[in-house]
Amino acid sequence: MTENNGRENAKDNDLFFTCSLIDYIARKTKNTRADIVNALGKNRLEKIYELADVYHSDNIDRVSDDFIEEASIKNGGFDNVKECKYAIPSYWDIGKVYKRLIKSVAAEEKTGIIDALMKVYNSFISNKIDDYNSSMYYENPSYLLECYLEDKVI
């Protein structure tokens, strides 16, 4: 039996970092989260997830620049931070929302974490979570999962 001493499972923390980095890159380049996930592609996402403990030790601005350059991510016109009329959640806050949802989707659909990540970010719910003028990003994780599974806000 593995003891975690009150700490999060290491792979959960890696997923949290991966999702936070996606959000950080999206904000920095003014793209949707789906655009970032698709530009990074499955192989880079797997690399980020597998090496997250190393990347997490580095400056996130530098890490994001490396992946922006490597994936040739161009600046877009999506700026959900600028459009926000209320308190703006941090990229860490949003990373936690996505981490919980992706873990639940992977368990529910019996699929790998990166496959679940790609499905979640390319689903309708990603646009809802990323609308910081709505309440979706701070909804209960089980509600977000049900909405995802139903493919609509319920």
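Which residue has its charged end over the ring of Tyr49? In this predicted model, the residue is Lys11, and its charged end lies 4.2 Å from the centre of the Tyr49 ring.

Confidence in the prediction was considered next. The mean pLDDT of the protein is 91, and 95% of the residues reach at least 70. Helix 7, residues 113-121, has the highest confidence, at 98. The lowest is found in helix 5, residues 80-83, where the mean is 78. Where pLDDT is low, predicted coordinates should not be read in detail.

Contacts between aromatic rings were then examined. A pair of such rings is described by the distance between the centres and the angle between the planes. The count of aromatic pairs comes to 8. One of them joins Phe17 and Trp92, with 6.4 Å from centre to centre and 40° between the planes, and this pair is tilted. Because Phe17 belongs to helix 1 (residues 10-29) and Trp92 to helix 6 (residues 91-109), the pair ties together parts of the protein that are 75 residues apart in sequence. Phe17 has a relative accessible area of 2%, so this residue is buried. Trp92, at 28% relative accessibility, is partly exposed.

A further pair consists of Tyr24 and Tyr91. The centres of these two rings are 4.7 Å apart and their planes stand at 80°, so the pair is classed as edge-to-face, the angle being over the 60 degrees that this class requires. Tyr24 is in helix 1 and Tyr91 in helix 6, and the pair links distant parts of the chain, 67 residues apart. Tyr24 counts as buried because its relative accessibility is 17%, and the limit for a buried residue is under 20%. Ring pairs also connect Phe16, Phe17, Tyr24, Tyr91 and Trp92 into a cluster.

Lys30 is not a glycine, yet its phi is positive, at about 55°. This residue, Lys30, is located in the loop between helix 1 and helix 2 (33-50). With a relative accessibility of 34%, Lys30 counts as partly exposed. Asp151, which is not a glycine either, has a positive phi of about 60°. Asp151 is placed in the segment after helix 9 (141-150). Its relative accessibility is 55%, so Asp151 counts as exposed.

How values were computed:
Residues are numbered from 1 along each chain as its sequence is written. This is a predicted model: local features need pLDDT of at least 70, side-chain atom pairs count only at pLDDT 80 or more; totals for chains, interfaces and linings use all residues. Side-chain values use heavy atoms; hydrogens and water are left out. pLDDT is the predictor's confidence in each residue, from 0 to 100. Helices (H or I, at least four residues) and strands (E, at least two) are DSSP runs, numbered from the N terminus. Rings of Phe, Tyr and Trp (its six-membered ring) pair if their centres lie within 6.5 Å; planes under 30 degrees apart count as stacked, over 60 as edge-to-face and the rest as tilted. Buried means under 20% relative accessible area, exposed over 50%, partly exposed in between (1.4 Å probe, protein chains only). A charge sits over a ring if NZ of Lys or CZ of Arg is within 6 Å of the ring centre and within 35 degrees of the ring normal.
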